[in-house]
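Take a look at the model below. We will start at the DNA and then turn to the aromatic rings.

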Number of protein chains: 2
Amino acid sequence: MSTKYPELSERKRQILKALVEAHIEGGEPVGSKYIVQNNLLSCSSATIRNEMADLEQMGYLVQPHTSAGRVPSEMGYRFYVDSLVEQYAKTTHEVVQINQLLKAKMAEIDQILETASRLASSMTNYTGIAIKPKASSVTMSKFELVSIDANHFAMVMITSGGAVKTKKIKTLGRVEGESLRRLAELLNENLCGLSADMITLPIIMELENAMGDGSHLVNPTVKCVWEVMSELDGGEMRLSGLNHLLKYPEYSDSQQFGQLLGTLENQDEILELVSGSETDDINVLIGSESPVKVMNNSSLVFKPIKKNGKTVGVIGVLGPRRMNYRQVLQTIEEITGSIAGMLDSEQPAKLTGKEEDHGG
Amino acid sequence: MSTKYPELSERKRQILKALVEAHIEGGEPVGSKYIVQNNLLSCSSATIRNEMADLEQMGYLVQPHTSAGRVPSEMGYRFYVDSLVEQYAKTTHEVVQINQLLKAKMAEIDQILETASRLASSMTNYTGIAIKPKASSVTMSKFELVSIDANHFAMVMITSGGAVKTKKIKTLGRVEGESLRRLAELLNENLCGLSADMITLPIIMELENAMGDGSHLVNPTVKCVWEVMSELDGGEMRLSGLNHLLKYPEYSDSQQFGQLLGTLENQDEILELVSGSETDDINVLIGSESPVKVMNNSSLVFKPIKKNGKTVGVIGVLGPRRMNYRQVLQTIEEITGSIAGMLDSEQPAKLTGKEEDHGG
DNA sequence: TTTAGCACTCTTTTTGTTTGAGTGCTAACT
DNA sequence: AGTTAGCACTCAAACAAAAAGAGTGCTAAA
């Protein structure tokens with residue numbers, strides 16, 4: 001992803017950079033004159049023109065039509081982003097604010113993600129994305145059954161990851177405390193460590209046998225377990241600040257925006273895309289680098305959040321291809337950093353109080 | 001809301017109805033000629049013109065400009081909707097489909113709502129809205145503490161409404177089983193039946209006293225309880241099918257649509273609006289009947305879902321003012337009906353298996 | 001009471017014209 | 001060599017004028 005571009009002269013790089021930033025700023029094609037006037041490049045517009053013609057031929061720039069200014073091509077953006085990432089300076093002046101905002105609302109991982117998405121959106125003025133990725137396979141490490149009333153009991157499940165999930169189960173008639181205890185014991189002995197697809201009919205039948213009377217409880221209970229595990233496996237995505245996008249003329253075509261919206265709501269494609277990312281570092285997908293067609297005019301920046309080495313979430317930003325990469329990269333780094341720091345810190349109850357419950 | 005309109009002649013009503021429906025269909029002003037040609041009104045366009053002039057003067061129609069066709073005013077829509085509601089025919093041919101779809105995904109109330117919202121959206125081609133309204137005051141009826149590992153335990157809370165909530169709590173050091181038992185006992189004795197704002201500092205201090213050693217557990221635990229209760233109190237809103245809206249030219253102005261999006265994402269106003277609704281029946285807010293400014297060009301149809309007499313959710317549809325009220329009203333009725341039937345039915349475990357966990 | 005006919009209005013569409021930003025090229029300049 | 005000034009050329013966007021068309025209101029006849 002991060003190829004080198006040795007063939008570019010220093011001046012070409014400067015011009016490219018200036019042009020990209022000017023275009024990010026204004027959104028319109030940038031002409032040679034403009035660059036000379038605003039960007040202290042100490043040469044004449046004609047020179048710039050020559051260089052720009054070169055850059056266009058090399059594929060870094062594109063001309064919407066004869067006699068329009070130039071616009072960065074995807075390759076141009078890519079060059080810009082790559083060089084940006086290299087010389088990356090983590091000016092962390094905003095970190096304090098982030099920490100405060102996150103701590104204020106800090107609770108379950110779900111909420112952290114949601115808040116982070118909001119934060120990312122409001123700080124960048126693009127659309128924030130929070131993703132709880134698909135867990136490859138969840139297993140249970142402990143079951144506990146709690147009686148609620150005459151014909152309800154709650155099943156408390158603790159996953160291998162330490163998350164807690166609860167289900168309320170309705171029973172036909174009164175259920176003895178003894179039955180519950182036995183059922184819990186059976187679950188603990190037979191289902192711990194199994195993934196969803198390892199729970200098969202033979203196992204259920206065996207449980208029913210072992211349960212004796214009260215065997216009618218087994219089926220719905222196990223079904224519940226299975227459902228919870230499947231549910232935990234599935235990813236989830238939250239967007240915030242969608243309205244920001246509409247401020248950019250790139251999204252003024254409501255037809256196209258509608259399609260984008262539809263794709264985003266559908267979640268599947270984006271989840272796929274993000275979950276399939278190989279690197280743990282920050283990802284930048286520019287335009288058609290993304291396999292999702294309707295996003296070919298957009299860019300997506302995202303980074304996984306790790307907790308004890310495991311990915312527990314992804315925070316990202318979606319915006320027009322000409323998004324302010326410098327700011328976005330910085331913001332995402334800061335937010336993910338803050339969250340990671342928060343999650344990894346093993347602090348006593350007095351201070352942190354609690355963490356996630358039904359999170360993955 | 002449902003006033004009578006006795007002054008309208010039968011023909012005027014027919015014309016009004018035809019015009020509203022034609023406008024819903026096409027979205028453009030409807031002329032006299034069009035009505036004659038398509039709607040079997042057996043009179044000439046001139047006659048229609050006269051009648052339309054009348055209807056306009058009465059306030060049912062509006063002329064965007066001289067020599068354009070007529071468009072229904074809000075009052076016109078209101079009349080149309082009211083008369084529609086009266087002669088309402090519940091043709092339940094789609095109910096089967098609804099039931100199947102809902103049952104397939106039926107789990108917690110949250111999921112039911114979400115699915116219902118999706119369903120409403122896909123059936124009507126407008127935006128579906130699912131709302132978990134603010135509960136005025138949640139109290140707990142039972143606490144249970146479950147040890148997870150050396151320095152984590154889970155708190156299982158059962159609300160007055162029978163919902164189950166869980167929180168994982170991190171502890172400083174190892175916590176004895178005995179401590180947990182005692183803590184649970186204290187919680188059950190002192191916090192059951194209290195609403196969030198009744199949990200005050202004196203109570204916490206008293207608990208800490210009674211707890212003796214292990215008193216350091218009290219503070220974070222109670223804080224958790226308080227958070228869960230506050231969280232349960234708060235409403236929540238899910239949208240689906242936002243992209244549908246963009247198919248209607250009414251929303252092609254991306255500026256305005258952006259504002260609408262922002263308002264919807266913010267949730268507060270809509271939650272307020274829906275929670276404040278007095279009737280338990282279906283609500284139809286046409287244009288400026290809604291207090292939310294950005295929705296003055298839209299209509300909102302929604303209906304609460306009752307479970308054992310209590311409102312557990314709201315399902316609605318948001319669309320352009322010229323939405324297909326007949327279809328939307330019918331769909332909402334059917335969906336809410338299906339859900340209500342599903343929730344109220346007290347069936348044995350074998351069949352229903354489970355219901356909501358952390359739902360309200 | 002209904003309808004046909006006609007003049008009138010106002011938007012939408014079309015067509016043509018102008019303007020201006022920006023380029024590419026060439027020739028002069030350093 | 002590389003750089004710059006000047007000029008002709010291109011093309012989209014902005015503007016203006018004209019034509020088309022849809023729909024009305026009104027009047028007079030059926």
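Begin with B:Thr47: an N or O atom in its side chain is 2.6 Å from a phosphate oxygen of DNA strand C. That is a polar contact (a pair of N or O atoms within 3.5 Å; within protein, one must be able to donate a hydrogen and the other to accept it, and residues adjacent in sequence count only if both atoms are side-chain atoms). A:Arg49 reaches a base instead: a polar side-chain atom lies 3.3 Å from a base nitrogen.

This is a predicted model: local features need pLDDT of at least 70, side-chain atom pairs count only at pLDDT 80 or more, and totals for chains, interfaces and linings use all residues. Residues are numbered from 1 along each chain as its sequence is written, chains are lettered from A and ligands numbered from 1 in the order in which they are written, and side-chain values use heavy atoms, leaving out hydrogens and water.

Now the rings. The whole structure holds 9 aromatic pairs over all chains. Rings of Phe, Tyr and Trp (its six-membered ring) pair if their centres lie within 6.5 Å; planes under 30 degrees apart count as stacked, over 60 as edge-to-face and the rest as tilted. Why is the pair B:Tyr77 and B:Tyr325 tilted? Their planes stand at 55°, with centres 5.8 Å apart, so the pair is tilted. B:Tyr77 counts as buried at 1% relative accessibility (buried means under 20% relative accessible area, exposed over 50%, partly exposed in between; 1.4 Å probe, protein chains only). B:Tyr325, at 0%, counts as buried too.
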